[in-house]
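Visitor: I'm new to this structure and would like to learn how to read it. Could you walk me through a few features?

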Amino acid sequence: IYAVGATLYALLTGHDPFTGETAYLTTFKAMTEPFPDPRRDNPAVSGAVAAIIRMATEQVRERRYSSVRLLREDLERALRQ
């Protein structure tokens with residue numbers, strides 16, 4: 001689910017959410033820094049979609065979507081708005 005949120009972020013902004021000189025540094029940033037808001041780089045992203053990405057990429061697993069089905073349902077609802 002985290003990977004789906006990170007991929008959605010990359011699709012909407014045109015770049016990865018975290019970068020570093022090495023794979024280790026990139027992973028370290030992903031584990032220790034807040035996930036960036038996609039609206040910072042793409043103001044056209046709705047608040048609802050930004051919230052979906054935020055929930056999908058929560059560092060604490062228990063705070064993330066409990067299933068891909070729930071994530072999909074929220075995405076579908078956001079697309080209808």
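Visitor: Let's start with the rings. How many aromatic pairs does a search of the whole structure find?

Guide: Keep in mind that this is a predicted model. The search turns up four aromatic pairs. A pair of aromatic rings is described by the distance of the centres and the angle of the planes. Take Tyr2 and Phe35: their centres are 6.0 Å apart and their planes stand at 90 degrees, an edge-to-face pair.

Visitor: Which parts does the pair of Tyr2 and Phe35 tie together?

Guide: Tyr2 sits in helix H1 (residues 2-13), while Phe35 is in the loop between helix H2 (23-32) and helix H3 (47-56), so the pair ties together parts that are 33 residues apart in sequence. Ring pairs also link Tyr2, Tyr9, Phe18 and Phe35 into a cluster.

Visitor: And why is the pair of Tyr24 and Phe28 stacked?

Guide: Look at the angle. Planes under 30 degrees apart count as stacked. For Tyr24 and Phe28 the planes are at 20 degrees, with the centres 6.3 Å apart, so this pair is stacked. Both residues belong to helix H2, four residues apart, which is about one turn of the helix.

Visitor: Now for charges. How many salt bridges are there?

Guide: The count comes to five. To spot one, check whether a side-chain nitrogen of Lys or Arg is within 4 Å of a carboxyl oxygen of Asp or Glu. In helix H4, Arg69 and Glu73 are four residues apart, and their side chains meet at 2.9 Å, N to O. Asp74 and Arg77 are also in helix H4, three residues apart, with their closest N and O atoms 2.5 Å apart. Another salt bridge joins Asp41 and Arg40, at 3.4 Å.

Visitor: What about Arg64: is it buried or exposed?

Guide: Arg64, in the loop between H3 and helix H4 (68-80), is buried yet has no salt bridge. The nearest side chain of opposite charge is Glu58, 7.2 Å away. Check the backbone as well: the backbone oxygen of Glu58 lies 2.6 Å from a polar atom of the Arg64 side chain.

Conventions. Residues numbered from 1 in each chain as written. Predicted model: local features only at pLDDT ≥ 70, side-chain atom pairs only at ≥ 80, totals over all residues. Heavy atoms only, no water. Phe/Tyr/Trp six-rings, centres within 6.5 Å; stacked < 30°, edge-to-face > 60°. Helix = DSSP H or I, 4+ residues; strand = E, 2+ residues; numbered from the N terminus. Buried < 20%, exposed > 50% of the residue type's maximum accessible area, 1.4 Å probe, protein only. Lys, Arg positive; Asp, Glu negative; His and termini not counted. Polar contact = N/O pair within 3.5 Å; in protein donor to acceptor, adjacent residues only side chain to side chain.
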